[in-house]
Amino acid sequence: MTSLSRNFKLLLPVLLLNISGCTTTPPFDYASFRQHRPRSILVLPPLNQTTDVDAPYTYLSTITRPLAECGYYVFPVAVVDAYMKENGLPSAEEMHGVALDKIRNIIGADAVLYVTIEEWGQKYVVIQSITTIKAKAQLIDTASGEVIWQGTQAVSQGSGGGGDPIAMLITAAVAQIINTMVDYTHDLSRVAHYGMIYNTEQGFLAGPYLPPQENDHCRPPQ
Amino acid sequence: MESIAGKLIAVFFKRGLVVVSFLIIGCATSQPLYYWGNYEEIIYQMYIKPGSADPGSQVQKLKEDVNIASSEGKLAPPGLHAHLGYMYFLQGNTHDALLEFAAEKKLFPESAKFVDGLTGRIKNDIAKP
């Protein structure tokens, strides 16, 4: 294999990630975010538009860290989930239907992050497998009901590339099996959250537990 | 030149996705606010691999995290003490459950309303004949 094609193969995941992150969008309007400046965020189990039953809780199990490291108090996701289930709300759909004033009075959250998962998992495209996560999210102020932040995050991670077609086919099939075994979406959901929260143009403003930040956005911790 | 770039990319690729994500975002980083330990991995396991994270093993791992955090002068992350308290509650250990809820509230006053609600329920349960 030439050095060029090897480099290309290695670059592919980076390229795919970059493509999904480079769409031009108008500047984000932070007026409402700045006005309400939540201290605490409740993340409800996401709605799931995919067939992967593990998607919502894989998402939920990786969202606390990037939000907390952005300076927010994040309610214990599993405890809140159990609490709601014990109180007659067995599904994410029902939890998303709870009135904001109830959430404010019982849980005390300043804002709620409502997430809908639109794509999750692997597609087998000719000789490579691509893992994709796409989710849209809205952060809503519980006092005013205003949407203070919203965005859609899409990330993809590819395996495979140029070279001998038959060898690549086997490689892609093996990669897919391995990826299934290690649950690739678990890591990729972290990447999606980082892209969503730490984006310097569309991401979250820094929360109260972070010291004042340059341009008011939070940075990914080391 | 080309091979150095290739090696660098290979290293990045091997180090994993998190590094790649930093590349997209722009490399600026800061010190983490919290010691994370097992907290998020436990949440993942309890939902995705049921049976692999019973309350007993969760208590053991989270207590270890709390000890490491305090010995290194770091803070436990938001939610960890409340989660640990809930695991104690599931074990029937209301005494330690209440201590952990209080620890959550002390570290993060934003949790007060939720934690007070949980505490009130446990105390009511104890008071019942």
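Trainee: What percentage of the 129 residues in chain B is buried?

Mentor: This is a predicted model: local features need pLDDT of at least 70, side-chain atom pairs count only at pLDDT 80 or more, and totals for chains, interfaces and linings use all residues. Residues are numbered from 1 along each chain as its sequence is written, chains are lettered from A and ligands numbered from 1 in the order in which they are written, and side-chain values use heavy atoms, leaving out hydrogens and water. Buried means under 20% relative accessible area, exposed over 50%, and partly exposed in between (1.4 Å probe, protein chains only). For the 129 residues in chain B, the buried share is 41%.

Trainee: How many helices and strands are there in chain B?

Mentor: Both are DSSP runs, numbered from the N terminus: helices are H or I with at least four residues, strands are E with at least two. From the N terminus on, chain B runs α-α-α-α-α-α-α. The count is 7 helices and 0 strands.

Trainee: What share of the contacts in chain B with a separation of 6 or more comes from residues 24 or more positions apart?

Mentor: Contact means heavy atoms within 4.5 Å. Take the chain B contacts with a separation of 6 or more; residues 24 or more positions apart account for 52%.

Trainee: How many of the 10 residues of helix H3 of chain B are buried?

Mentor: The buried residues of H3(B) include Tyr39(B), Ile43(B) and Tyr47(B). Helix H3(B) spans residues 39-48 and is largely enclosed by the rest of the structure, because its buried residues number 8 of the 10.

Trainee: What covers the buried residues of H3(B)?

Mentor: Both chains contribute. The cover includes helix H3 (55-68), helix H4 (77-86) and H8 of chain A, together with H4 and H5 of chain B.

Trainee: At what angle do H4(B) and H5(B) pack?

Mentor: Axes are lines fitted to C-alpha atoms, for helices over the stretch in contact, and angles run from 0 to 180 degrees between N-to-C directions. Helix H4 of chain B covers residues 55-71. Its axis and that of H5(B) are 9 Å apart, and the angle is about 145°.

Trainee: Is the crossing of H4(B) and H5(B) left-handed or right-handed?

Mentor: A crossing is left-handed if the near helix is turned anticlockwise from the far one by less than a right angle, and right-handed if clockwise. Here the crossing of H4(B) and H5(B) is left-handed.

Trainee: How many aromatic pairs are there over all chains?

Mentor: Rings of Phe, Tyr and Trp (its six-membered ring) pair if their centres lie within 6.5 Å; planes under 30 degrees apart count as stacked, over 60 as edge-to-face and the rest as tilted. Over all chains, the count is 16.

Trainee: Why is the pair of Phe33(A) and Phe204(A) edge-to-face, and how many residues apart in sequence are the parts tied together?

Mentor: The ring centres are 5.9 Å apart and the planes stand at 80°, so the pair is edge-to-face. Phe33(A) and Phe204(A) are both buried. Phe33(A) lies in helix H2 (residues 31-36) of chain A and Phe204(A) in the segment after helix H8 (184-197) of chain A, so the sequence separation of the tied parts is 171 residues.

Trainee: Is Phe89(B) buried or partly exposed?

Mentor: Phe89(B) forms a stacked pair with Tyr86(B), at 6.4 Å centre to centre and 25° between the planes. Both lie in helix H5 (residues 80-91) of chain B, 3 residues apart, about one turn of the helix. Tyr86(B) is buried at 12% relative accessible area. Phe89(B) has 30%, so its class is partly exposed.

Trainee: Over the face of which residue does Arg39(A) lie?

Mentor: A charge sits over a ring if NZ of Lys or CZ of Arg is within 6 Å of the ring centre and within 35 degrees of the ring normal. The ring below Arg39(A), 5.7 Å away at its centre, belongs to Tyr209(A).

Trainee: Which residues touch the most other members of the largest nonpolar core?

Mentor: A nonpolar core is a set of buried Ala, Val, Leu, Ile, Met, Phe, Trp, Tyr and Cys residues joined through side-chain atoms within 4.5 Å. The largest one has 83 residues. The two that touch the most other members are Leu113(A) and Phe204(A).

Trainee: What is the phi of Asp216(A)?

Mentor: Most residues other than glycine have a negative phi. Asp216(A) lies in the segment after H8 of chain A and is partly exposed at 22% relative accessible area. Asp216(A) is not a glycine, yet its phi is positive, about 75°.
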